[in-house]
Amino acid sequence: MTKVAVVTGGTRGIGEAISLALQEKGYTVAANYGGNEERAHAFSRRTGIAIFKWDVGDHQACLDGCATVSETLGPVDIVVNNAGITRDSVLFKMSFDDWNEVLRINLGGCFNMAKAVFGGMRERGWGRIVNIGSVNGQAGQYGQANYAAAKSGIHGFTKALAQEGAKHGVTVNAIAPGYIDTDMVAAVPPPVLDKIVASIPVGRLGQPQEIARGVAFLCSDDAAFITGSTLSMNGGQHMY
Ligand code: CAA
């Protein structure tokens, strides 16, 4: 039976590229989205990929959403925790809500999704969880105390869960993208972004497809011996 992959935030940006890369590899893809109906429906019409709306920061919504995917497409074999938001500001301007929302969605979302699928993966003896971290979770970033904390947490979460999945055929890995050509990065003020790009040895932003190819590899049987690892894909910006 074709393996079923859920990609959170899978209809835009890096998530869109991941959904397409996994579809191309022959998986049945369920693309989760949180809010942008227009973009999600256009994506589904264009690609034929089924879309499912829920908030990854909502624990029950993740349990219910994954149950719906299983009933519709089959048991979930692969989860790519890609959904994430930024609420950038220096700490003294950062509200508790800015902190909490980023932690709830970016890090809480990984826990919620893993809780929804991990038991089934263990029972079936095969699973892949790929968590999308960030170079800014590895190196920190001015104005991102919330985002860096959440992404750094993802890297620790990945290593802990990898140990629990290993003997059951479930691998858990992370990818730490650098600055990728997406709406999220386009929102960085141009003078700030220019300086960041100047600090990237390859001299450009990454493309979403470049991250997606890394995800597809980690989901494949070829990557069965890789677990608890972080693949840094950042154009040399941070050599970790
Ligand atoms: N290091 C040291 N000082 C810095 C700095 C840095 N990296 N960036 C800004 N500053 C300084 C400025 O020089 C300025 O100093 P003065 O007051 O002495 O002039 C001060 O900090 C305030 O800077 P801003 O005017 O930029 O402050 P602001 O409040 O208007 O904006 C900010 C702050 C929102 C954090 C803005 O600087 C910003 O957007 N930075 C980019 C953050 C970023 O990289 N986000 C990544 C988003 S994409 C993503 O997250 C995806 C991924 O995984 C990579």
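Trainee: Which residues line the largest cavity?

Mentor: Thr8, Val56, Asn81, Asn82, Ala83, Ile105, Asn106, Gly109, Cys110 and Met113 do. A cavity here is a set of points on a 1 Å grid over the protein atoms alone where a 1.4 Å probe fits but cannot get out, and lining residues have an atom within 4 Å of a point. Bear in mind that this is a predicted model, with local features needing pLDDT of at least 70. Residues are numbered from 1 along each chain.

Trainee: Where does the largest share of that lining come from?

Mentor: Helix H4, residues 96–124, gives 5 residues of the lining. Helices (H or I, at least four residues) and strands (E, at least two) are DSSP runs, numbered from the N terminus.

Trainee: OK, new topic: what's the strand order in the open sheet?

Mentor: The 7 strands go E3-E2-E1-E4-E5-E6-E7, with parallel pairing; two strands pair if DSSP finds at least two bridges between them. Strands E3 (50–53) and E7 (230–233) are at the edges with a single partner strand each, so one side of each has no neighbour in the sheet.

Trainee: And how many bridges join E4 to E5?

Mentor: There are 4 between E4 (residues 76–81) and E5 (residues 127–132). Val79 sits opposite Ile129 in E5.

Trainee: Which strands does helix H9 touch?

Mentor: H9 (residues 208–219) packs on the sheet and touches E4, E5, E6 (170–177) and E7, where contact means heavy atoms within 4.5 Å.

Conventions:
Predicted model: local features only at pLDDT ≥ 70, side-chain atom pairs only at ≥ 80, totals over all residues. Heavy atoms only, no water. 1 Å grid on protein atoms, 1.4 Å probe; cavity = no way out; pocket = protein on both sides within 12 Å on 5 of 7 lines; lining within 4 Å. Axes fitted to C-alpha atoms, helices over the stretch in contact; angles between N-to-C directions.
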